[in-house]
Structures are given as structure tokens and as C-alpha cells.
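Here is a short report on one protein model and its ligand. Look over the fold before reading on.

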Amino acid sequence: MGKDEECTMELETMYEQLGVSRAVYEFGEHILSGLEDRFREIDKISEHNQAKVLYAMQKNRVNATHFAATTGYGYNDEGRDNLERVYADVFHTEAALVRPQITCGTHALTIALSANLLPGDELLSPVGSPYDTLEEVIGIRESKCSLKEYGVTYAQADLKEDGSFDYDAIRAAINGRTKLITIQRSKGYATRPSFSVEQIGELIAFCKRVKPDVKCMVDNCYGEFVEMLEPSDFGADMVVGSLIKNPGGGLAPIGGYICGTKECVERCAYRLSAPGLGQEVGANLGLMPAFYQGLFLAPTVTAGALKGAVFAAHVYEKLGFACVPTADEPRQDIIQAVTLGSREAMVAFCKGIQAAAPVDSYVTPEPWDMPGYDAPVIMAAGAFVQGSSIELSADGPIRPPYAVYFQGGLTWYHAKLGILMSLQKLLDAGLVQL
Ligand SMILES: *Cc1c(COP(=O)(O)O)cnc(C)c1O
């Protein structure tokens with residue numbers, strides 16, 4: 001094909017080259033024509049959050065010296081210290097701990113919990129069971145070095161049938177030993193709804209009315225920049241998350257953050273490094289450009305992922321599949337669950353996401369037995385950063401109701417292609433009709 005031909009190729013043809021048929025492309029365009037208002041709303045939130053991030057960077061006079069690499073102990077690492085001031089200003093908190101030494105979201109949450117709970121204290125989850133990996137951290141599932149092993153007990157108040165907070169049960173669960181309350185913003189891989197920051201604010205206010213000195217921590221994973229405000233704007237003592245999700249903007253290759261009160265964050269720093277050392281140590285290893293630039297891009301990247309989630313829900317609801325959240329519901333995180341109803345459909349969906357990736361597009365995802373799961377799991381991801389779920393990915397356990405969890409997309413156009421490809425694979429397998 002000549003260069004000129006490629007330049008003037010129609011978009012439909014470009015999509016055909018990528019493997020999306022004209023029929024699927026047109027189906028997608030038809031769905032998209034109804035989403036203008038929705039996308040405008042997402043853009044408005046993104047613009048607000050971009051301004052928030054920019055203001056925090058300007059206020060803290062970010063400059064080229066902040067991008068310098070440090071090694072060894074990392075004493076006087078001004079780039080790292082200033083990034084933490086920027087994060088604190090973005091989340092409107094007194095302090096922040098933002099480090100490449102925090103290996104993942106689970107690690108960040110573990111630090112926040114174990115730094116602020118002492119033997120004899122009790123942890124309460126007022127929103128039902130926590131994220132899978134936290135079960136071993138807390139000791140719900142036995143593990144070495146769990147909080148339980150250190151004498152921290154755990155209590156849980158389940159959500160009501162309709163997914164709302166059970167305030168009576170929460171009041172009854174709070175006792176003299178209740179020290180910390182953990183609230184998970186995103187549903188993760190559960191079937192409950194995700195919570196808006198306003199709902200979380202009401203829950204925090206309620207808990208603090210019952211016990212004024214109780215600390216509230218929010219697992220903020222997947223929720224950052226989805227709304228204009230964060231749980232820290234509603235009284236959370238700590239908000240915690242992973243840099244290979246929303247706030248890393250796709251550029252951070254590792255890391256986690258904890259933003260919160262000076263008292264809580266200082267304890268977290270002591271737990272992460274060592275008592276007495278705290279935030280003073282921890283070299284940045286040359287990652288500052290990625291952390292700053294990733295945060296700068298995060299509002300836009302999150303908006304792209306949200307558009308993908310909304311588009312997916314509209315496409316798959318139109319074809320008769322149940323979606324959580326539903327196509328028209330407001331969004332509190334970037335995760336979209338689609339109940340596909342069969343193993344074959346899950347595999348086809350994931351094949352499409354994989355085929356649309358910039359990396360590893362030629363591999364075929366297969367279900368496999370993963371440690372910690374009671375059913376084979378299928379995963380599709382072709383990411384620049386291993387396991388990054390702000391990049392386009394889909395996964396789910398192969399068991400009824402056969403739901404895939406779809407999230408991410410560093411750009412809206414890539415998310416769009418992924419969804420069109422998933423539909424193409426379902427169509428090719430004879431599992432849907434347009
Ligand atoms: C991803 C996630 C975690 C854990 O993060 P990892 O980086 O996978 O360890 C915790 N809670 C929620 C809600 C998450 O989405």
C-alpha cells in the first residue's frame with residue numbers, strides 16, 4: 001500500500017485493517033451518537049481535576065530539579081518530598097506518602113492498616129467484605145504476619161440487600177476497641193455497587209458521631225479523579241491507592257500513595273521504612289518524571305477509561321447482557337462488569353481485548369487456575385506496565401454468572417477499539433447478533 005493511500009484511508013478501512021468489520025464499526029457509531037451528553041459530563045469532571053492537579057503543581061513550584069534521580073538513602077530528596085506536597089494538595093490533606101517502595105495497592109493498604117492499628121485494637125469494615133487480597137492482610141484467611149497474628153481483631157457490618165449501609169449494624173459493631181474503619185470505594189470484583197464520595201462522606205460522618213476519635217481510611221483504588229471530589233474532602237483520615245491504577249496516569253511503572261492527616265501519614269512512613277527514619281529515607285531511583293507526569297495526565301487518562309466503560313455498558317446492554325453499573329447509572333470508578341452468561345462468551349470477549357492491545361496483541365488468552373481463586377480465571381491485557389489496570393484489561397473467574405470485569409484504556413480511542421474487537425470476536429463465534 002502506498003503512503004498516500006494510507007493517509008487518505010477512511011476510518012472504517014483503518015478499523016477493518018485492525019480486524020473490526022464494517023457492521024461492528026457502524027453498530028458502535030450508532031451507540032456513540034447517543035452518548036454525547038454523557039461524554040461531555042465526563043470531560044467536565046476531567047477538566048476540573050486537571051485544574052486541581054495543575055494548581056497543586058504550580059503552588060509547589062514544580063521545576064526540573066524535582067525530576068533528578070536519587071540513590072542510596074535518598075536523604076534530602078527534594079523531588080520526592082515535593083511530589084508528596086503536590087499529592088497532599090491534590091487530595092486536600094495535611095500530608096502524603098508517595099513512594100516507589102510501596103509495591104502495589106495491597107501494600108499501601110497494609111502499611112496504612114498496620115501503622116495505625118496496635119495489638120488489642122479492632123478494625124471495622126462497615127461495607128461488607130474487603131478486597132480479596134486484604135483477607136490475608138487482615139487475617140480473615142490465615143496468613144503469616146496478618147493483623148490477626150499481631151493481635152488486631154476484625155469486625156464487619158454487611159451492606160443491606162439493596163447495597164446501602166446498615167447503620168444499625170454499624171452502630172452495634174463500633175465498640176471501645178474500634179480504632180480504624182476501612183471503607184472500600186470501588187466494588188472491585190464484588191457485585192455490590194461502588195460508592196460515591198458523598199455516600200462515603202455520610203458514612204464517615206456517621207461513624208465519627210458514634211465514636212469521635214475513630215480513624216477512617218478509604219481504599220481509593222480505581223476511584224481517583226472519577227468525581228470532582230475525593231473521600232479526603234469528606235473527612236477521611238487516609239485515602240490509599242496504587243500508582244499503576246488511576247493516579248499514575250499510565251506512566252508510573254510502580255508505586256502507591258497514602259494521603260491523610262499528618263499523624264496517620266507519619267506513622268505510615270515509620271511502618272514503611274523504620275521507626276525514627278520515616279519519610280527521610282527512600283531514594284526515588286529516577287522515577288520522578290514518570291510520577292509527576294503521570295499525575296499530570298491522570299485526569300485525562302481516567303476520563304478516557306470512563307468513556308470506555310460507559311461505551312461498553314451501552315454496547316452490551318443493547319445486545320441484552322446485564323451490566324454493572326448499568327449503562328445510564330452514574331460512575332464511581334472505572335470498572336465495568338458485563339455478565340456474558342457463558343464461558344465461550346467470556347473467552348471471546350477477552351480475545352478481543354487482547355487482540356486490540358498495543359503490546360502482546362498476537363497472544364491468545366486462556367483460562368487458568370490462579371492461586372487464591374476457586375475457579376479458572378481468564379485475563380486479557382497487553383500492557384506497557386505489567387498488571388497495570390489503568391491500561392485496557394479484562395478479566396473474570398470462569399463460573400456463573402460468567403461476568404467479565406473490564407477496565408482502563410490509556411486513551412479513549414484504544415478503549416473503543418478494545419470494545420469493538422470484543423464484540424467482533426463474539427460475533428465471529430456466533431454468540432451475538434447485531
Ligand atoms: C486493585 C485494588 C486493590 C489492590 O491493589 P493491588 O495493586 O492489586 O495490590 C485493593 N482494593 C481495590 C478496591 C482494588 O481495586
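Helix H11 (residues 288–318) lies across E8, E9 and E12. H11 runs at about 15° to E9. Helix H12 (residues 343–355) packs on the sheet too, touching E10, strand E11 (393–397) and E12. The direction of H12 makes about 20° with that of E10. Contact means heavy atoms within 4.5 Å. Axes are lines fitted to C-alpha atoms, for helices over the stretch in contact, and angles run from 0 to 180 degrees between N-to-C directions. Helices (H or I, at least four residues) and strands (E, at least two) are DSSP runs, numbered from the N terminus.

This is a predicted model: local features need pLDDT of at least 70, side-chain atom pairs count only at pLDDT 80 or more, and totals for chains, interfaces and linings use all residues. Residues are numbered from 1 along each chain as its sequence is written, and side-chain values use heavy atoms, with hydrogens and water left out.

## The five-stranded sheet

This sheet is open, with the order E8-E9-E12-E11-E10 and antiparallel pairing. Two strands pair if DSSP finds at least two bridges between them. Strand E8 (322–324) and strand E10 (377–381) stand at the edges. Each has a single partner strand, so one side of each is left without a neighbour in the sheet. The twist averages 20° from one strand to the next.

Strand E9 (residues 336–339) pairs with strand E12 (residues 403–407) over four antiparallel bridges. Thr339 has Ala403 in E12 as its bridge partner.

## The seven-stranded sheet

A second open sheet has seven strands in the order E1-E7-E6-E5-E4-E2-E3, with mixed pairing. Strand E1 (95–99) and strand E3 (153–156) are its edges. Strand E2 (residues 122–125) runs parallel to strand E4 (residues 178–184), joined by three bridges. Glu122 stands opposite Thr178 in E4.

Helix H9 (residues 197–210) packs on this sheet, touching E4 and E5.

## The ligand site

Which helix gives the largest share of the shell around the ligand? Helix H6 (residues 105–116) does, with three residues. Residues within 4 Å, heavy atoms counted, are near the ligand; among them are Cys104, Leu109, Tyr131 and Lys245.

Polar contacts are pairs of N or O atoms within 3.5 Å; within protein, one must be able to donate a hydrogen and the other to accept it, and residues adjacent in sequence count only if both atoms are side-chain atoms. A polar side-chain atom of Thr106 lies 2.5 Å from a ligand oxygen. A polar backbone atom of Gly105 is 2.8 Å from an oxygen atom of the ligand. An N or O atom in the side chain of Asp219 lies 2.6 Å from a ligand nitrogen.
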